[in-house]
Structure formats: C-alpha cells, structure tokens
Amino acid sequence: MKGYAGKFVRVNLTTGETGKERLKEDVARNFVGGYGLVAHTLYNEVPEGADALSPENVVCLWSGPVAGTPIPVSSKYAMGALSPLTGFIGFGIASGGIGSELKAAGWDGIVVTGKADSPKYIYVHNGQVEVRDASHLWGKTTWKTEELIREELFDDEVRVSSIGPSGEMMNRIANITNDRNRQIGRCGIGAAMGSKNLKAIAIRGTGSVEVPDLDELLEFCLDLHQRCRGPATEKYRKYGTPANVLVHNRLGCLPTNNFQKGTFDQAEAVSGEKMLETMVKKITACPACPIGCDHINMVKDGPWAGTVASVDYESLDLLGPNCGVADLNAITKAVELCDTLGVDTISAGATVSWAMEAYEKGLLTKEDVDGLDLRFGEGEAMVEAVRRMCMREGNLGELLADGAARAAEKLGKDSEKFVIANKKMEWGAYSMRPLQTATLGFATSVRGACYLRSGSYQVDVKGTVDRYHLDRSRGKIVYDGENLYSIIDSLIICKFTRGIYKDNDEIAKVIRLVTGFDVDSEEMIKTGERIHNQAKLFNVKFGAGRKDDYPPPRAFEEKLYDDVSDGAVIDRAEYDEALSGYYEARGWNEEGIPTKALLEELGLDTSLGV
Amino acid sequence: MEQKRIIVCDTEKCTGCEICEYMCSIFKEKTINWSKARIRHVRIEPTFDIAIACRKCEEPLCIKACPRDAISEQPDGSVKIDKDKCNGCGWCIEACNFGALKLDWEKKCVATCDFCADLDQPKCVQFCPYEALEFTTLDQVGHEAGKKAFMRVIEELG
C-alpha cells in the first residue's frame, strides 16, 4: 500500500503506554485519510454518551495519502474528537508541516485515549514514540511551547501542535496551533486535548515518502505547480483570503455588528487591499505550496506596535466588521491573542460581537463586562474582551470563555435569540439572509456552522441561483459539495487548489498516483459520500436530528436592511423545503437519519439507520 | 576566468514552501525525502525565510576541515565528496558557515550541492514557484542591485 505509511501510533495517556497499529488497506481505501479517518476512528472508539471533556473522549490526528508528496499543499493534517463545543463530531484541518512530517516519520496518524495525571506531550521521532513531561510548558503560549520543545529536543525542525492556556482551562472554543500560524481552529478540540492533560504533539521525521511511480507523479505535480501560479489562485497570492472583504461587502454579505448587517461602512479600511498596503510584512507558504496565501501582518505603531500575526478573511471579519471594528491593528492584535492563548478566531469574534450586542441592548451591565466600553466599533475593548475570554478572566472572561451559545445560556434574557451559531458553533463570515444556499450548507454541516463542508456559498456568490430564496433543489447542491469536499478534506489537499483541477477525474488521478489504488471519479465521490455519512452517524449516535440543522432565529425573524439588502429574510417554509430536499438527496429520512439501505450500500454500520 | 555561479535566494520572495528541498531530493536521490536535500530552507520566526546551498567559497573551509581529504574543489568552484573516503565525521558540517553540507544518515556520508552539474541550471532553481532562487554570479547580483537602486531613484524623480 503506497502513499500511506501503513501504521499509526496509539497512546493511552492513563497508562502511559504507546503502541503501533496497522492501518488496514480496506480502511485506507474506504476512508482515505484526514477527515475520513477521523470520522471512522471517532465513530468506532468514542462510546455513546461520553462526555467530551472526560477520559472517554478520543483525540486523533490523521494525515492523508498525499501528505509528504509534491502534490500542491500536501502537508495538511486533520485532528478530531467528540467536540466539547457542539457535542457532535469535532474536527479541524490545518496546513503547516505536521502532515508531511508525520509521514516522513513513518506514521499515518496518532490516536490518543485516556487522561494523563500530569501535563504531558507526545513526541514522535521516526519509529520512536515518547510521552514526555510538559509541566514546564503548562501555562505557556502556543508559540512559546513550540520554541521550548524545539530547544529541549535540540532540533529546529521538530513540528509542534499545541494548546495554549485556553485549552488547558478546557474553554470550549479552544483551538490547537501548529507552525505558529496554522490552527485546528474549530469545534474546541483544544479543550479536549486540555482535558487529557495533553499540552502538545511534537513530530520529527527523516524518512522517505513512498509512491507507486515517482516519475509519473512528478510530471503531474509540476503541471499542477504551474497551474497554481495561474488565474485560479491569483486572489490568494495577491491579497490572501482578505480579498473577500470588498467582494462580500459589495454583495451585502459581509457580517457586520453581529450579523445585524451585511455591509460595513468602513469596509475599505479593513480590506485585503488596504491590509496589503499598510500591514503585510511578509507572504509565506506552507510546505509544498506553490500559492503562498499566508499574509503576515505587523503592527507598526500604537499600543500594539510590534505585534505579528497571520490574518485571514474569517478572522478579519469576525473580529473586525462583525464587532464594528475598522482598525487593522486591533484585529491583528486580537488574532495574535487568539493564536497564542489558544482560541478559535471565528468563535472568538462571534462571541465578542454577541456580547457587544447584549451590552448595547442593556442586557449586560457595566459590571458584567468589568467596566469595558463594549460597544460595537470599540477596537480596544474588543481586544481586551478577547484577552479576558481566552484567559477566563473576570466576569466577562468567565461569561464568554465557552463561546456565545453557552454565554447566552448563562445570561438568559432572550439573548439566545442573537447567538449566531449552529450546533452551538459560531457562524463563519458569510451573512445568512443574503446567501441562503450557504446558510443551508452551514446549518446542515456535521460539525456546526461552517462554510468549508460544502462550499455551497459559491452558487450564491456566483449568482447561479436566486440567493435570496431557497427551494428544494438546493439540497442537491449541498449534497454534491459535501461529497467532493469530504474527499478533499481526507486526501488532504488544500481547498485553495480546488480551482487548479480541471475536473473530478483529475482529483481521482491524484489518488491513483499516490496510492496506486485503481480509483475513478465515481468511486471517489462514493467514498466522499461514505465519509460524510460516517460523520453523520457519529452525530446520530450523539442524538442529532432535524432540529439541529437550522440556522439561528435572526435568519428567520429579522429582516436585513443595509446598503445592499432591502428586507432580506429566510422564509421558514422555504427553508424547511430545502432541508427536506437535502435529506432526500442524501437518502436520509425527514429527521435526517440515514436509511439502513443507504448505510449498507456504503458499507457502514447499519445499527443506527432507519 | 569564468565567474562562479551560485544559488542566490531573494528573501523577500522566498515563502518557505520548501519545494526546492522536495525537488532536490527527487532529482538527486530519486526519492521524496526533504531531509536529504542539499539545499536547506531556514525560517527565522516570524517573517524571515531563506534557502541556502553551497556558496562556492574562495577558500572552502569544508575542504580544510576534512581529516580524510575526502572533499575536493571542482573546476566550477563546487566541492565533491569522495564517498569512499568520507566516514561521516561531520567536521565539514561544523566548519561550513552556511549549513551547506548534510549528513546522510543512511549512507553515513556527507552530501552537498553539485548544482546539478550536468544541467543548465539546478532543479531547485528551475522549479522554485516564487522565482526566489537564481543561478547567477555575485557580479551579476551586484549589477542587479545597482539597477534596482537606480530604478528607485528614477521612480522618485518621476
């Protein structure tokens, strides 16, 4: 079996035992890697009814078959656990060098169970696996942790994924940082690591990555590298993802003031163009990436002078316009705090913006917010609120540390109505009411509100559908997107390269070239469907139903008025119809539960089917 | 005498993608193993990246340091390692100011860049997606710098 190392690491933190297990060929072929193997591992290993912050939870890390090859941006990895934030499947995918380094070390994945009695980190060095003391790293930021681990191992090339103080405190929006600027951001998997006393995973590999035919792979890779320098990736190369700010503002779908508007009157001040001109110090790339989208900002003056952080569109909008903040310095500082203290920037921005709305509505008092001037647009207050949230400091920090949905549960007073989330996970930077196919994709996402599961915003943005209305046919669009994206997230290739592949056949060709499996595009899409259903089954095991697949009340109950939209709102009957259309496309019943027939066809456990 | 050509890295353009390392190992070692690459990417956090290979020094310290006379200078200024003589002691690695030599743990022998001697330009240069690497002479580097400086003046004067 080429493309894979063929084995994975097992670590039981309760006993301190480590071991190796073979990755079976049929599992590899059926679940590919990354997201697929996360879903497969969690479904089989997390017991029903488990608490996400208990030793029963499983934290796993998987690369995919392309990891370590010259396929563009092949260095990605996935991590997963029962999500402390959503209570359903939790996973995230990050770039940086973890995936390729793990492959070079001779492993496809790491599966961690149990709970250590004191802080530990796992060090995988080629064939060796060690559980090492991390007492001296506890309380340290993610950046400091990377630095200290490299120092003590006498090796600058060790790759590290670590949690910050937020993960240690098991804040339910805690993330995991690797290679300084890359994050397993969503679903609070950092909290799951923290609950196991697992501070970090460090990896170093010096072995070769085996593929069936190197010359053939190389020929295709060099062609793909060329395409990565062409028009399909131009916006990522020039402005990075913040190129979206002005595009979305023009379309009226740039979340502003906690999704109360879709246009921001100061959008120019926080645009990708402005950022490139005034903030960007350096453009960097992940290993094996010919695109180079990572725009690293440096704050030149003011109270946060010297701050350096990588700022992407989602972080920029949620911490910027969605908090009414038009100050790139404040946004960059807030991103740095999130990355180093260990909180997801999307959840952070959306949670602070919820608090700002609650404060402006008089539901949070000056005392509740520890004296901060928490009105929309106050950059300094936003930064300080983020810091306190990350550190669980004061009344405000304690209120916000577990995300907007739990903050609203604590506060009450109908503040749940303006939590912009699905499955308790905060919404990404795509407005709900002017992008209704996107909203269907966000709300049906297995991991909670997410734009990356189906990319269904694309038909709205491109104008191929009426984005202000929904109908039954949108379900099929989400279904198709999810099946393909499940493969992309399992291989794992970067979504920014999706435009360089001419069609699905070329993605199937990637699988053939790296694994030698004789897979065509039809089997590949079927595999994507299997992976997605495996993830859904995990959610069914944890009680998911139709009720979990809706956007928040604001989408239905408040009309959107701004520079672009004139009373846009989602019609509940239309949404219901589209949701049923989605279930129908998926072969699920009206409650969103897969049928036994479908599960059998996909080769999945049929016991939870209907 | 013909000027020596070396691999020069524009640190503004280098993104740290390490594709030079991938290509080097693929073309020189016929395997995907960036730890065997003879060009080395170095990142100084948070914003500095460079790829460094042999500098073809006028008085190569690696040659002086080798106790077994395993390293010899070639007509193009690069150095060649005699695999039969090298026993992987690594003194050359310590001596080199640029980290341009590497110990191949499997072969127990040191390797360094030969600038893809049989080709027009090294593969790392050919396939750097950011055009950060150039196979050029130090004279030309100086000339280009002069041109750039002059262009800045012209632009400022309109």
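The contact between the two chains takes 26 residues from chain A and 20 residues from chain B, where contact requires C-beta atoms, placed from the backbone, to lie within 7 Å. The model is predicted: local features need pLDDT of at least 70 and side-chain atom pairs count only at pLDDT 80 or more, while totals for chains, interfaces and linings use all residues. Residues are numbered from 1 along each chain as its sequence is written, with chains lettered from A and ligands numbered from 1 in the order in which they are written.

On the side of chain A that touches chain B, helix 7 (214–228) and strand 13 are the elements that give two or more residues. Helices (H or I, at least four residues) and strands (E, at least two) are DSSP runs, numbered from the N terminus. Helix 7 of chain A provides the largest share, five residues. By residue class, this side of chain A divides into 14 nonpolar, eight polar and four charged residues. Here Ala, Val, Leu, Ile, Met, Phe, Trp, Tyr, Cys and Pro count as nonpolar, Asp, Glu, Lys and Arg as charged, and the others, Gly among them, as polar. The predictor assigns the complex an ipTM of 0.94 and a pTM of 0.97.

Pairing requires at least two DSSP bridges between two strands. Four bridges join strand 13 to strand 14 (residues 294–298) of chain A. In strand 14, A:H295 is the bridge partner of A:I283.

Chain B averages a pLDDT of 94, and 99% of its residues score at least 70. pLDDT is the predictor's confidence in each residue, from 0 to 100. Within chain B, confidence is highest in helix 4 (residues 123–126), at a mean of 98, and lowest in helix 5 (residues 138–157), at 92.

Strand 1 (residues 5–9) of chain B is largely enclosed by the rest of the structure, because four of its five residues are buried. A residue is buried if 20 or more other C-beta atoms lie within 10 Å of its own, exposed if 12 or fewer, and partly exposed in between, with C-beta atoms placed from the backbone. Five bridges pair strand 1 with strand 8 (residues 133–137) of chain B in the antiparallel sense. B:R5 has B:T137 as its bridge partner in strand 8.

Helix 5 of chain B lies largely in the open, since the number buried among its 20 residues is zero. Just after helix 5, B:G158 takes a positive phi of about 75 degrees.

Two residues other than glycine also have positive phi. A:V73, at about 55 degrees, sits in the loop between strand 3 (59–62) and strand 4 (77–82) of chain A. With 25 C-beta neighbours inside 10 Å, A:V73 counts as buried. B:E18 has a phi near 65 degrees and lies in the loop between strand 1 and helix 1 (19–29) of chain B. B:E18 likewise counts as buried, with 25 C-beta neighbours inside 10 Å.
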